[in-house]
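Biologist: Before I rely on the wording used for this chain, could you take me through how the helix pairs are described?

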Amino acid sequence: MRTWSDSPFPSREELSGVPEGKAISQDNGESRLVYEVKDSPGWLAKLYKRPADAGRTSDLQRLVYLPTGMSQADQDLVDRCLAWPTTRLYDGPDLVGVVMAKAPDGFYAPLKALSGWQDPAPLPLDWLMKPADKCAQVGLRRPDLDLRLRAVEELLAVGDLFARHDIVYGDWSYRNALWNQHTGEVFVIDMDSCGIGSREWVESPGWADPLFPDRSRRPTVASDSYKLAVLTVRCLTAQRQDPLEALRAVEASKGDTSLVRLLRRTLTAARLEDRPKCAELLEAVRRIRGTTAPAGPSVTSGSGAGADNVTTWVKVGPSAGTARPSGTTRAASGASGTDVAAASNVTGSVNLRDRSAARPPASAPESSPSPSSSGPGRTGPGSRSAAGGSGTGATPTQGSLPPTSHTPRPAARSTSRAAARRAAMARGRSERMSQAAASRRPRRHAVITMLFRAFCALIAALCIARYVLGWI
């Protein structure tokens, strides 16, 4: 199941529309309850202890829609590694929670205790911080260097995605990501607390950024890059304490590689602008592992454009017809709660690249909800994972939340811009021709009137001449 694209819910839903099933956690961090949505396997609802304020409401709206403007490679990463918020839950005018995907089964494992094997539980990245013997003692696979590098690559890929879209996660730690012991993959949770551009302070003990000593400025993607570097050296060495000590352990085992140099610059930079970008760390890890970046261009920070080589676009509006394609669900409804295909006040083109019935085309989000507003919107994937972060039992976190109010702009293609320019030129020529024709009409009318009057005068002169000559 894809954790964003396969959401069966609209982007906005009343709380009554997600009936309560099995409870996952209660009074954990910022959430009062996380439960499985009844009759919707794999989807969780997370309810907040208090309604979201205006800033968080705006950030959540932007997050829900943001993947609609991403490249296919970025969407695939979202669907595989992130508990992205898919639906905002309202109780009347108040935003009271979100819907999110549950972590896939690979991120669960039974642990062996003195009383026997326990039921499968979410496996936080925290296990990479433990000695290999401790992992084996509870029945987990001993994490080798390849598994650790795979986990680091996935974490940096997520960090790079966030940086390009100006998403500030803030609470990076090994409690807010789950780990697949067999593949090394990671699953980042607590996404609904992200901010766009910046966010409120939230930090786990032992993760303080030296360039943000007194919290005089809000966290940004630059502060996220430091915490990801700390997470990298700790995942590679299982050393929880001083990150520079862990870095020296990495250097002792790998030598003075480009990755070590980039990590050192990140951890010791005296200015934010001296810190390497997360993409540089990611590229260095990929060179070590011999992997390559996924094909397809990515969106730059703040951009809503998708891949330039995709032309699967269709027109919408009154002339596009009113029939909904067979098999679509209410997830294909527009942001205002109406069917996109049937909306008479919508014109333009939308991208249907790789969209299924549950994955609607990109559309502009609704305006910020007012006290009287309600109704479903677009769909998108979920917020926290099955267990963790501030909403689940196994990986509690604190949180608050981030390119866009969502207002991811629908992806604009160069072909669309060229067509728009041609249409504008054609309209300009038509208008100029109409104006020229209109300016000629008065002149023709004056000439005809003058000729008619001359003709009448000639007839009158002939009649007078005939009368005079006849009298003589």
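**Two helix pairs**

Modeller: Helix H5 (residues 221–237) packs with helix H6 (residues 243–254) at an angle of about 50°, their axes lying 9 Å apart. This is a predicted model, in which local features need pLDDT of at least 70, side-chain atom pairs count only at pLDDT 80 or more, and totals for chains, interfaces and linings use all residues. Residues are numbered from 1 along each chain as its sequence is written, and side-chain values use heavy atoms, with hydrogens and water left out.

Biologist: Why are H5 and H6 called oblique to each other?

Modeller: Angles under 35 degrees count as roughly parallel, over 145 as roughly antiparallel, 65 to 115 as roughly perpendicular and the rest as oblique. The angle for H5 and H6 is about 50°, and the two helices are therefore oblique to each other.

Biologist: Which residues of H5 and H6 meet?

Modeller: Taking contact as heavy atoms within 4.5 Å, Tyr226, Val230, Val233, Arg234, Leu236 and Thr237 in H5 meet Pro243, Ala246, Leu247, Ala249 and Val250 in H6.

Biologist: What makes H7 and H8 roughly antiparallel to each other?

Modeller: The axes of helix H7 (residues 258–268) and helix H8 (residues 278–289) come within 9 Å and cross at roughly 155°. The limit for roughly antiparallel is over 145 degrees, and H7 and H8 are therefore given that name. On the H7 side the contact includes Leu259, Leu262 and Arg265, and on the H8 side Leu281, Ala284 and Arg287 are among the residues involved.

Biologist: How many helices and strands does the chain have?

Modeller: The chain has nine helices and 16 strands, where helices (H or I, at least four residues) and strands (E, at least two) are DSSP runs, numbered from the N terminus.

Terms used: Axes are lines fitted to C-alpha atoms, for helices over the stretch in contact, and angles run from 0 to 180 degrees between N-to-C directions.
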